[in-house]
Amino acid sequence: MQHGDVDYMAALEAMVGVLKRWAREGRTDTYKSLSTAVAPEHRVHYHGRMMSLLLADICRRDSTGPEPMLSALVVNGSSQKPSDQFSELAVSEFRRRDPDWSWERERDAVFARYRDVISP
């Protein structure tokens, strides 16, 4: 898999599907769980570069408009918070619009957006 190729785009869409399901369920989960959820069709190691690239693309795609970022639901198993990479991407985008932005508010906004959504 290479950044931007057909396999990459399929993995990205699979991840988005998993994240939307988590959002409807009102839960966060780990990078490892996300990796497991898209396997075996997509081999994305939870500590690998592809995981970082995919989540960064999901983060950037969601941050171009007013909708909250699905990638806010993916957390580190130990800290139960997103990685530093998520925070750097999110803060640079959202601080411009909302100086009181926080990951917790973003996570809750994702839950609220998908709470009443039925379809995948």
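1. Which residues of helix H2 are buried? The model is a predicted one, and in it helix H2, which spans residues 31–38, has Tyr 31, Leu 34, Ser 35 and Val 38 buried. When the helix is viewed down its axis, the buried residues of H2 fall within an arc of 100 degrees, so they line one face of the helix.

2. Next comes the packing of H2 against helix H1, the latter covering residues 6–25. The axes of H1 and H2 come within 10 Å and cross at roughly 120 degrees, which makes H1 oblique to H2, and the crossing is right-handed. On the H1 side the contact is made by Ala 14, Met 15, Val 18, Leu 19 and Trp 22, while H2 contributes Ser 33, Leu 34, Ala 37 and Val 38. Leu 34 and Val 38 are also among the buried residues of H2.

3. H1 has a further helix partner in H5, residues 103–114, and the axes of H1 and H5 come within 7 Å and cross at roughly 90 degrees. H1 and H5 are therefore roughly perpendicular to each other. Here Lys 20, Trp 22, Ala 23 and Arg 24 of H1 meet Val 110, Phe 111 and Tyr 114 of H5; Trp 22 is also one of the H1 residues in the contact with H2.

4. Is Asp 29 buried or exposed? Asp 29, which lies in strand S1 (residues 29–30), counts as buried because its relative accessibility is 17%, and the cut-off for that class is under 20%. The side chain of Asp 29 makes a polar contact with the side chain of Arg 27, at 2.4 Å. If neighbours within four places in sequence are left aside, Asp 29 is in contact with Trp 22, Leu 73, Val 74 and Val 75, and Trp 22 is a residue that H1 also uses in meeting H5.

5. Finally, Arg 105 lies in helix H5 and is partly exposed, with a relative accessible area of 46%. Not counting residues up to four places away in sequence, Arg 105 touches Asp 98 and Asp 100. Arg 105 and Pro 68 are 37 residues apart in sequence, and their C-alpha atoms are 9.3 Å apart in space.

Key: Residues numbered from 1 in each chain as written. Predicted model: local features only at pLDDT ≥ 70, side-chain atom pairs only at ≥ 80, totals over all residues. Heavy atoms only, no water. Buried < 20%, exposed > 50% of the residue type's maximum accessible area, 1.4 Å probe, protein only. Helix = DSSP H or I, 4+ residues; strand = E, 2+ residues; numbered from the N terminus. Arc of directions from axis to C-beta. Polar contact = N/O pair within 3.5 Å; in protein donor to acceptor, adjacent residues only side chain to side chain. Contact = heavy atoms within 4.5 Å. Axes fitted to C-alpha atoms, helices over the stretch in contact; angles between N-to-C directions. Parallel < 35°, antiparallel > 145°, perpendicular 65-115°, else oblique. Left-handed = near helix turned anticlockwise from the far one by under 90°.
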